[in-house]
Amino acid sequence: MSDVYPLSLRWEGTTTDYATGEHSRAAVASAPGKPDIAVSAAGPYGGDDTRWNPEDLLGASLATCHMLTFLSLARKVRLDVRGYVDDVQVVLGTEGRVTRVTEIRLAPTIRVAPGTDAAKVREMFEKAHKYCFIGLSLTSAVRMEPRIEEVAEGA
């Protein structure tokens, strides 16, 4: 079984501005029925920091996939998760002359109902990594540092 997710990436400009040696790195990613995403390279690579860059998108993809997988697992084992805010860091490293994503850090604050078994929450969080499609597709290290907080009823 295969699922296919089509998208397009649109860039216009010229790479022949030899006087400045520069070219635009701004583009637009789009997919049917979804809002466009303004993309670019990261600032240190000549891009526009007001647009999403590939490193941002990779981190967001992994964090989203991991969160959705975790929430599904938590529901299956009847954990009452009330909130989830992830602080993600994508680390680029250079070895030799090759730059690549070497690590992605997921550090969510997971809010749960009073009396929830924090060890079980952590177990499901770690188990989610084994089922996350995006995580399974990466070669970089994924460092997981969840913080679990109980939240009062009605909060």
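Trainee: Where is Ser40 found?
Mentor: Ser40 is in the loop between strand E3 (37-39) and H1. Keep in mind that this is a predicted model.
Trainee: Is Ser40 buried or exposed?
Mentor: Buried, because its relative accessibility is 7% and the cut-off for buried is under 20%.
Trainee: What does the side chain of Ser40 reach?
Mentor: The backbone nitrogen of Asp48, at 2.9 Å.
Trainee: And which residues is Ser40 in contact with, leaving aside neighbours within four places in sequence?
Mentor: Among them are Arg25, Ala26, Arg51 and Trp52. Asp48 is on that list too.
Trainee: New topic. How many residues are in the largest nonpolar core?
Mentor: That core has 19 residues. Leu62, Phe70, Leu106, Ile110, Val121 and Phe125 have the most contacts inside it.
Trainee: Which elements each supply at least two residues of this core?
Mentor: Helix H1 (54-76), strand E5 (98-112) and helix H2 (118-131). H1 gives the largest share, six residues.
Trainee: What is Leu62 in contact with, beyond four places in sequence?
Mentor: Ile104, Leu106, Cys132, Ile134, Gly135, Leu138 and Val142.
Trainee: Now Leu9. Which strand is Leu9 found in?
Mentor: Strand E1, residues 8-10.
Trainee: Is Leu9 exposed or buried?
Mentor: Leu9 is exposed, because its relative accessible area is 61% and exposed means over 50%.
Trainee: So what is Leu9 in contact with, leaving aside neighbours within four places in sequence?
Mentor: Ala27, Val28, Ala29 and Val39.
Trainee: What separates the C-alpha atoms of Leu9 and Val112?
Mentor: A distance of 39 Å, and the two are 103 residues apart along the chain.

Notes: Residues numbered from 1 in each chain as written. Predicted model: local features only at pLDDT ≥ 70, side-chain atom pairs only at ≥ 80, totals over all residues. Heavy atoms only, no water. Core = buried A, V, L, I, M, F, W, Y, C linked by side-chain atoms within 4.5 Å. Buried < 20%, exposed > 50% of the residue type's maximum accessible area, 1.4 Å probe, protein only. Helix = DSSP H or I, 4+ residues; strand = E, 2+ residues; numbered from the N terminus. Contact = heavy atoms within 4.5 Å. Polar contact = N/O pair within 3.5 Å; in protein donor to acceptor, adjacent residues only side chain to side chain.
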